[in-house]
Each structure stands twice: as structure tokens, then as C-alpha cells.
2 protein chains.
Amino acid sequence: MKTPSEKSNGKPVNRKLYAPLAAHEVELAQFFVRMANILGIQRSVAEIYSLLYASPKPMEFDQIQGRLEMSKGSVSQGLKFLRDHGMILAIKEKGTKRERWEPTPSLAGSLVNILRSQVLPSLEKSKPTLQNVLDFATARAAAPEVIERIARLQRWNSRAVELSALLLPPPADE
Amino acid sequence: MKTPSEKSNGKPVNRKLYAPLAAHEVELAQFFVRMANILGIQRSVAEIYSLLYASPKPMEFDQIQGRLEMSKGSVSQGLKFLRDHGMILAIKEKGTKRERWEPTPSLAGSLVNILRSQVLPSLEKSKPTLQNVLDFATARAAAPEVIERIARLQRWNSRAVELSALLLPPPADE
DNA sequence: GCCTAAGTTCAATTTTTAATGAAAATTCTG
DNA sequence: CAGAATTTTCATTAAAAATTGAACTTAGGC
């Protein structure tokens, strides 16, 4: 007969196998969640990153899932996001199957990656939109002050795109 | 007998009284909604601002509600947000009861106000949190590299707060 | 000072976004 | 290359956020 700590396949359930978060881990997560909110990044991603950030050694999938009591799906998606944005690195030891994860050394670099992917696309997408608006408004003979306002917006947006591209240059390789 | 365009109090319903949005107004709203997303501001607020921005003259409550086909509650809350962040100004003409609204001349100033209220508080709230984390971690004799990471985070945060306070100074009066 | 028009508030509802977990896909390992 | 272990995918569910509208409040006109 199976104990409650076993699934039908005999594999032990994660619950209770991993230590609950320590006080400093909880507070650090609060910090990262706040920062993530500003950037429009979801809580689960911030929690994963925070855990890795406070860990003295790289962590593997099941540890992350167990200590955060989070679903497999969320861990998988969270790690994917962090990987895609260059925020974590895989440490692959020979002889082991599972990968282990740690934060990339440069948090600054990670931030730049995030900003580039979260903010720049919106700015760039706006260029043609604003040109359209200006064309429309001109064609309909809108009030001159309105046309001037829109033109100002367009100049702003262009400068913002240029500035961002300068501050957030794409990585040389990849 | 009442027509369908009248309510029981005899006051005409707004529907059909106001022109639907023109193409350039729709596209401009898309632009402002995108920018609002970056800043974590809701769609309805962006739409109201956009409408005022594209209007050659100040607009009153009912016009805004009618042209955007938006509820009274949303218009009221949206105008409150825009007012509170110095993004719109009330034009009060003598002899009229209703106020009319227009965007403040300086969009740059408005942006600064938004950033100050949306971003700064998170940065500032983090200062004590990070100090706590550091204290906790030290007390538990966490790994030195973890302590170093957290200390670095704390220095970053402090500098971010200082820099923000510098770039986004509070208005002199009010 | 009453009455009505104008605007605000907030509980209920709708919409949007994030998390879950079972099934599918992939990847080592023997 | 079979088979198990690990991870990913994605339809479903749950949670969070935004919107609505009716009741309430406030401000002006008479």
C-alpha cells in the first residue's frame, strides 16, 4: 500500500522535502517582486530569480519547484523567461543529467536586456502609428494646434527610440 | 410615451449624440495605450488623455463619456487620476457650471509626475526591506557571496533612489 | 434653504492576466 | 534504441485588475 507521500508511480511528492523559505529569502522576494511590477514582469518569475539570487550554489529544477511550492509549468516558463533575457546561466556538470541554474553575474546587463525587450518594441511600434495619425489629421484638416501637438509627439518618440537604442545596444553576438 | 432615446427622467441618453472616434483619434489612442502599458496605467485613462490631446478645445465630462462610450464611473476616476498627476487642467468659464478639461501644456512635466508617483515609491519602500534582508542573512551566517550580492543590491537601490529624486524633483508648491 | 444637475463612490461584474497540471515532447542512459 | 527521467506545452482554472452603474454626495441656481 502506498503512503500519502508517494504518487501512483512510486515517486515521492515534493511537498515537505524542501525547506520553507527563510525570512531573508521572503523579504528579498518582496523586493524583486516590487521591481518586477515596475517592469511588468510576473511575480513567479521574480520569485524564481530571487531564490537563485539568494542561493550560494546553483539550483536545479526540482529544488526551485519544491522550495517555492510552485507548479512545474510555472517553473518551466519562469526559467525560460529568465534564460531568454540572459538573467540566468545553466551550470552543466558532467555526469549529471539535470541542469542547475544561477543568476548571471551582471545584474546591470540583465536589466538592460529586460528594458530592451519590454520597452523598446513599444516605442518602435509607435513610429508608424504616429506618422499615420499625423497624415490622417492633416488630410482631415484638423486644427493647427492639434497637428502641432501630434508632430511634437512624433519628434519625441523618434528621439526616445534613438536614445534607447543607444543606451540599450543589442548584444554583439547570439 | 417615451422613445428609446429617453430615460424615465426624460433626459436623453448619450448614445448617438456624440460622433464616433475618427481614424486618427483611434490610432492616437493606440499610441497612448501602449505608453500607458509601459507605465502600468490603465487603458481607460490613456483613452481619455488621448481624446483631450487630440481635441482643439477643452472637453466636458459628458462629451468625453459620450465619444468614448465609457461609463460615468470610469470617466470620473480617469479624470481624477489625470488631475492628480497634473496631466490635465480645468478650464472654468464664468456662467457655466460644468468644468472643461484640456491636457497640460508640458507633456514632459506630466511624465515626470507619473514616474515620480509610480516608480519612486517602490524604490523607496525597498530601502528598509533590503536592510532587513542583509541583517537576516548576516545573522544566519549566510554564505559570504550571498551577503555580498545582497549588499550590492542595497547600494544599487540607494543610488537609484538618489538619482530618481534628482531627476524627478517634487514640485516646489502645491 | 430647497431642488436639480453634476460628479463621486464603491460593491458587483466583466475582462484580462497568471498559474496549474496532465499530456506530449525531448533527452539522457544503459 | 528502448525506456525512464526530465522538461515543455497549452487548455483549463484561479487570481487580479479594470470597468460598470446605481446609490449617494456635493455644489449651484433660483
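## Protein surfaces beside the DNA

In this predicted model, the largest contribution to the surface near DNA strand D comes from α4(A), which gives five residues. At least two residues of that surface are also supplied by each of α2 (43–53) and α4 of chain B. The residues around DNA strand D number 17, and those that come nearest are A:K72, A:S76, A:Q77, B:S44 and B:S74. Of the atoms of DNA strand D that come within 4 Å of the protein, 57% belong to sugar and phosphate. Sorted by class, the surface near DNA strand D holds two nonpolar, nine polar and six charged residues.

For DNA strand C, the element that gives the most to the nearby surface is α4(B), with five residues. Around DNA strand C there are 17 residues, of which A:S44, A:S74, B:K72, B:S76 and B:Q77 come nearest. Sugar or phosphate accounts for 60% of the atoms of DNA strand C within 4 Å of the protein, and bases account for the rest. The class composition of the surface near DNA strand C is two nonpolar, eight polar and seven charged residues.

## Side-chain contacts with the strands

| Residue | DNA strand | DNA atom | Distance |
|---|---|---|---|
| A:S76 | D | phosphate oxygen | 2.9 Å |
| A:Q77 | D | base nitrogen | 2.7 Å |
| B:S44 | D | phosphate oxygen | 2.6 Å |
| A:S71 | C | phosphate oxygen | 3.1 Å |
| A:S74 | C | phosphate oxygen | 3.0 Å |
| B:R98 | C | phosphate oxygen | 3.2 Å |

On DNA strand C, the side chain of B:R98 places a polar atom 3.2 Å from a phosphate oxygen. The elements that give two or more residues to the surface near DNA strand C are α4 (72–84) of chain A and α4 (72–84) of chain B. On DNA strand D, the side chain of A:Q77 has an N or O atom 2.7 Å from a base nitrogen, whereas the side chain of B:S44 has an N or O atom 2.6 Å from a phosphate oxygen.

Chain A contains seven helices and three strands. Along the sequence these elements follow the order α-α-β-α-α-β-β-α-α-α. Of the 174 residues in chain A, 40% are buried.

Helix α7 of chain A spans residues 144–167 and includes A:L167. Because its relative accessible area is 57%, above the 50% cut-off, A:L167 counts as exposed. Together with A:L163 and A:L166, A:L167 makes a nonpolar surface patch of about 350 Å².

## A buried glutamine in chain B

In chain B, helix α7 (residues 144–167) contains B:Q154. Is this residue B:Q154 buried or exposed? B:Q154 is buried, because its relative accessible area of 18% falls under the 20% cut-off. In sequence, B:Q154 and B:S126 are 28 residues apart, while the C-alpha to C-alpha separation of B:Q154 and B:S126 in space is 8.7 Å.

How values were computed. Residues numbered from 1 in each chain as written. Chains lettered and ligands numbered in written order. Predicted model: local features only at pLDDT ≥ 70, side-chain atom pairs only at ≥ 80, totals over all residues. Heavy atoms only, no water. Patch = residues over 30% accessible without salt bridge, like charges linked within 9 Å, V, L, I, M, F, W, Y side chains within 5 Å. Areas by Shrake-Rupley, 256 points an atom, 1.4 Å probe, with all protein chains shown as cover. Salt bridge = Lys/Arg side-chain N within 4 Å of Asp/Glu carboxyl O. Helix = DSSP H or I, 4+ residues; strand = E, 2+ residues; numbered from the N terminus. Buried < 20%, exposed > 50% of the residue type's maximum accessible area, 1.4 Å probe, protein only. Near = heavy atom within 4 Å. Polar contact = N/O pair within 3.5 Å; in protein donor to acceptor, adjacent residues only side chain to side chain. Nonpolar A, V, L, I, M, F, W, Y, C, P; charged D, E, K, R; others polar.
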